[in-house]
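Colleague: I would like a close look at one part of this model. Please take me through it step by step.

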Amino acid sequence: MKKNRRSFIKGSAIALSGSLLVPIACQSSSKPGNNKTAAGKLTLSFEPYELQLKHTFTLASSSRTTTPVMLTKLEYDGYTGYGEASMPPYLGESHETAQRFLSKVDLSGFSDPFLTEDILAYIDSIAPGNCAAKASVDIALHDLIGNILEIPLYKLWGLNPDHTPNTSFTIAIDTPEVVRQKVLEAADFRILKVKLGGGNDREMINAVREITDVPLCVDVNQGWTDKHTALDLIHWLKEQGVVFIEQPMPVEDLDEIAWLTEKSPLPVIADEAVQRLKDMIGLKGIYSGVNIKQMKCTGLREAWKMINFARAYGMTVMLGCMTETSCGVSAAAQLSPMVDFADLDGNLLISNDVFEGVKVIDGKLTLPDRPGIGVIKTGDIL
Ligand SMILES: [Mg+2]
């Protein structure tokens with residue numbers, strides 16, 4: 001039995017490394033299977049959960065205090081992988097849509113979890129949209145195969161954990177008093193992300209600058225409407241130590257954004273304008289960078305492809321997240337050595353995390369030395 005397991009793992013690891021175009025070490029596992037699931041059978045389970053935000057989260061167009069998530073678990077031959085779908089309301093997914101989608105998933109046709117391209121192509125074909133629900137399966141599957149091989153995903157991808165970037169911490173739109181308080185609470189971070197577009201942009205930045213001189217990035221969430229006013233603001237923001245501008249204007253204003261990108265002294269990053277790999281084609285000449293998020297692009301596998309595509313375009317690459325538990329954030333963090341900027345603070349904005357994983361130490365993402373996405377479940381769920 002042990003010999004069979006070794007040859008199964010070895011063969012699968014070679015197949016996996018071929019699909020990702022990186023060499024990986026083959027490892028055998030002495031961890032015995034147990035009777036939780038039958039050998040050769042992939043079993044998906046899921047459970048809805050409601051994240052409680054520490055502060056009311058206000059963007060240019062909305063405000064909320066909770067985020068619905070769906071937590072997933074894939075089991076195979078005694079091994080487990082965890083995943084997550086985070087569904088902020090503006091993206092159109094909910095507990096109901098995720099439940100409906102995940103109920104349709106039938107993995108009985110797959111007996112080898114290392115056939116990730118096949119499995120995820122099937123997941124993607126079940127229904128259009130449902131990107132966060134699809135990501136919850138993708139993340140659990142990657143966690144599972146990392147756990148079977150007993151190596152962290154960053155090693156599977158050949159990435160150096162010392163090359164993780166600092167993560168930004170998000171300061172949402174608020175009054176100067178609250179902004180100053182939030183910046184004081186974010187003293188451990190080496191870069192802050194300030195949400196603008198709420199009509200008090202200079203007031204927000206001035207409040208931040210009263211407390212700290214760390215580099216800032218700015219996310220407007222499509223909140224600016226006039227390109228000339230936007231350009232004036234960007235010049236002022238550069239003087240205030242801002243390093244890039246994310247989604248300054250509505251996604252449909254392509255000509256205005258292209259004009260702004262050409263004249264802007266700072267990189268202009270697409271967020272709402274891009275979801276999946278196929279959307280990357282339309283960004284060239286309009287934006288100089290891209291914010292890639294698992295919940296928009298169906299998970300780690302497509303995020304990895306998008307990062308490489310963006311590099312081929314010479315674009316600035318940023319890795320972002322929604323409000324998520326440490327499950328989703330730790331998964332994204334596995335890819336972070338590949339990117340220029342990380343905005344992976346979603347787990348730090350909630351008060352009821354049910355996983356432990358990636359840590360922020362002196363502002364820098366610090367990957368746990370654990371297999372898969374590197375998480376331990378700490379809550380009574382799944
Ligand atoms: Mg954004």
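This is a predicted model: local features need pLDDT of at least 70, side-chain atom pairs count only at pLDDT 80 or more; totals for chains, interfaces and linings use all residues.

Which residue in β2 is the bridge partner of E47?

Modeller: Residues are numbered from 1 along each chain as its sequence is written.

The bridge partner of E47 in β2 is L71. Strands here are DSSP runs (E, at least two residues), and helices are runs of H or I with at least four residues; both are numbered from the N terminus. Strand β2 covers residues 63–76. β1 and β2 run antiparallel, and 12 bridges join them. Two strands count as paired if DSSP finds at least two bridges between them.

Now the whole sheet. It is open and has 3 strands, in the order β1-β2-β3, with antiparallel pairing. β1 (43–58) and β3 (79–86) stand at the edges. Each has a single partner strand, so one side of each is left without a neighbour in the sheet. From one strand to the next, the twist averages 25°. Angles run from 0 to 180 degrees between N-to-C directions, and axes are lines fitted to C-alpha atoms, for helices over the stretch in contact.

Next, the helices on the sheet. Helix α4, residues 131–149, packs on it and touches β1, β2 and β3. Contact between two residues means that their C-beta atoms, placed from the backbone, lie within 7 Å. The direction of α4 makes about 155° with that of β3. Helix α12 (residues 326–333) lies across β2 and β3. α12 runs at about 100° to β3.

For another pairing, look at strands β5 (residues 192–195) and β6. They pair in the parallel sense over 4 bridges. In β6, L216 is the bridge partner of L192. Strand β6 spans residues 216–219, and both its faces are covered. L216 and V218 lie on one side, C217 and D219 on the other, and all are buried. Buried means that 20 or more other C-beta atoms, placed from the backbone, lie within 10 Å of the residue's own; 12 or fewer is exposed, and in between is partly exposed.

M249 sits in the loop between β7 (242–246) and α9. M249 has 23 other C-beta atoms within 10 Å. Among the residues M249 touches are Q222, W224 and L260.

Technical notes. Lists of a residue's contacts leave out its neighbours within four places in sequence.
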